[in-house]
Amino acid sequence: MRVEGHAAYDFKRQQDAGAFPDGRGHFGAFGGRYVAETLMPAILELETAYRRIAAREDFQVELGKLLRDYAGRPTPLFLAGRLSKKIGGASIYLKREDLAHTGAHKINNTLGQALLARWMGKKKVIAETGAGQHGVATATAAALFGMECKVFMGTEDVRRQAANVQRMRLLDAEVVPVASGTGTLKDAMNEALRYWVSAVRDTFYIIGSVAGPHPYPMMVRDFQRIIGDETRSQILEAEGRLPDVLVACVGGGSNAMGLFFPFLEDAVEMIGVEAAGLGISTGKHAVTLGAGSVGVLHGSKSYVLQDADGQILEAHSISAGLDYPGVGPEHAFLKETGRVRYESVEDGAALAAFKELCAMEGIIPALESSHALAHAFIEARKRSSSDLIVVNLSGRGDKDLGIVSGFGAGGE
Amino acid sequence: MNRIESCFKGLNARGEKALVGFVTAGDPSITESIRIIRAMCEAGLDILELGVPFSDPTADGPVIQRSSGRALKAGITLARVLEIAEDLRRSTEIPIVIFSYYNPILAYGGDRFYRDAAAAGADGVLIVDLPPEESDELTGTWPGKELAFIRLVAPTTPHERMAAIARGAAGFLYLVSMTGVTGSGGLDLDEISGVAGRLKACSDGTPVCVGFGISTADQVRSIASFSDGVVVGSAFERMIEDHLDDPDLPARMAGMVKVLKDATR
């Protein structure tokens, strides 16, 4: 049955072919747009606006200036000489995202999305946050642009990340505690999606990871790829060649996608590191790719932690930023194609790597990034001294001092 | 003719509109839930939406979130929901629509779901987070048309998209009455009657039912005047929540159905 005059509307129209994601936001069998009809028009509008605006040179120039003059980019690529020597084997370089404004890579994405919101004429932004880093980065961009900002945060995370709650409030954002479910990141995202449905006409939802419905996984990756682009030119300048291995932690997976993406066509090994919490066998972990299965959560198809009935399970990690039972769909795709290897690191090994970096290089890393470091140590030992490993040091660890001292790692 | 079609045909002949009732299967317990649903059907409910609880119901407000939580705690699964449907089917010809998020169906297996739901006597399925862009992956391999795949339209749906959704419609079209989650307030009757009119103009006779945020007989009466049916969900769940240990809960639910049903006549 055809309706006169509307035959042109095709749900499967392809906007560009060849690249990932495809025109419908699929990375192979993953990704897509699994949202209620109320949100569909908003994400279709966002996709159109993103493709139109982000391609403009004046938008890119404005964003580039902000990243340089406000966020402090490029961030350094630092050869961790003492650490490499102590660990033995390959040389370890650190991509210092912890030195970006607000102390993590999250600012790359929030400046990009908030600027897009401004170009789209939206004056209100919302965000979900786990550890609080994305919430702080969103509140920061909102303050910079004079936008109204609400950040949804699980009550459990509000409790364990009190310093970031205070920062967001100083930045004039409203922190909305979310008590439903387990009171962590997935519940914050549920509530942000619910709020967005009710305010979709004038509100821009700044998602913090390469998760959510299309176009978010693509858009967040595009805003984060600056990490990999800078790394490429920095390592070429320092070493005259590309690195052998890239290592990054994966919760939702934005810092890893940002580092990996510009190297996908090169002969460079890539390892994503998930949080194994107390150990995969205990069930208290966040190893979504390594121990989960295919499902649909928060608008896209990817790997999720779920029971046999498709109910989502609670994740566990010492690091609030990795404590998420889902993962970005492009990571699911890169796992299936074998392009990226995914490993996992338990709480204890991450804490040990945290301490090692503090003591050997005078850098206090985020617990998230400490997972990547811990696996990089294993990888370095297996390799020769001429090999080069780049670890994405995605954030600084000031926010984690309370947690770390609770585990007796504070030096007493 | 399937049960949904003959239901609307009968309503038309009597000059009535449909009262569609949503209940979360398994809330507050599996046995009590069955008693509640039977009482509602006997009290004159026209179409039953049997909700499959999900751990992360992003389209639902606090009332249905809590009801889903209670039902999951009571041990409900999609397989049990289909057993409830099958059990009901032995004693009633009421159209049954399975109402779910996608992930429980994906975990169950799409083809297995079609087979088992059809065999249980369900007439339709509505999957909140499976828009037309993605639904082929599920319905594309279904061997028949025993289950109507019911589609949603929202006030934010642009006209061309609305027309395209209407073209692919089966059973009835579910028009979401507002931009918000289930159970929220702020129903704008003027806006929704306008949207319903536009949708009916392109629905080629597929019935249009309106839901989200409708709780009183007055609202049902107003909405019935410009639609083919009215969906009530959170209001029923609120009644359940307020009378969790009340042995008269099924009778209370039946009374509520009678009052709301009267408003559709």
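Two strands pair if DSSP finds at least two bridges between them. Helices (H or I, at least four residues) and strands (E, at least two) are DSSP runs, numbered from the N terminus. This is a predicted model, where local features need pLDDT of at least 70, side-chain atom pairs count only at pLDDT 80 or more, and totals for chains, interfaces and linings use all residues. Residues are numbered from 1 along each chain as its sequence is written, chains are lettered from A and ligands numbered from 1 in the order in which they are written, and side-chain values use heavy atoms, with hydrogens and water left out.

**Stop one: the sheet in chain B**

Show chain B as a cartoon and look for an open sheet of nine strands, in the order β5-β4-β3-β2-β1-β9-β8-β7-β6, with parallel pairing. Its edge strands are β5 (148-149) and β6 (151-153) of chain B, each pairing on one side only.

Now select residues 229-232 of chain B, which form strand β9. Which strands flank β9(B)? On one side, strand β1 (residues 18-24) of chain B runs parallel to β9(B) over four bridges, and B:Leu19 has B:Val230 as its bridge partner. Strand β8 (residues 208-211) of chain B also runs parallel to β9(B), joined by two bridges; here B:Val210 is partnered with B:Val230. To get from β8(B) to β9(B), the chain passes through helix α10 (residues 217-224) of chain B in a right-handed β-α-β crossover (with the strands pointing away from you, the path from the first strand over the helix to the second runs clockwise).

In a regular strand the side chains alternate between the two faces of the sheet. In β9(B), B:Gly229 and B:Val231 on one side and B:Val230 and B:Val232 on the other are all buried (under 20% relative accessible area, with exposed over 50% and partly exposed in between; 1.4 Å probe, protein chains only).

**Stop two: B:Ile84**

Next, pick B:Ile84 in helix α4 (residues 78-89) of chain B. Its relative accessible area is 4%, so B:Ile84 counts as buried. Beyond residues up to four places away in sequence, B:Ile84 touches B:Ala25, B:Ile30, B:Ile34, B:Ile37, B:Leu50 and B:Ile76 (contact means heavy atoms within 4.5 Å).

**Last stop: A:Glu361**

Switch to chain A and select A:Glu361, in helix α14 (residues 347-361). Its side chain reaches the backbone nitrogen of A:Gly81 at 3.3 Å, and a polar atom of that side chain lies 3.2 Å from the backbone nitrogen of A:Arg82.

Key:
Polar contact = N/O pair within 3.5 Å; in protein donor to acceptor, adjacent residues only side chain to side chain.
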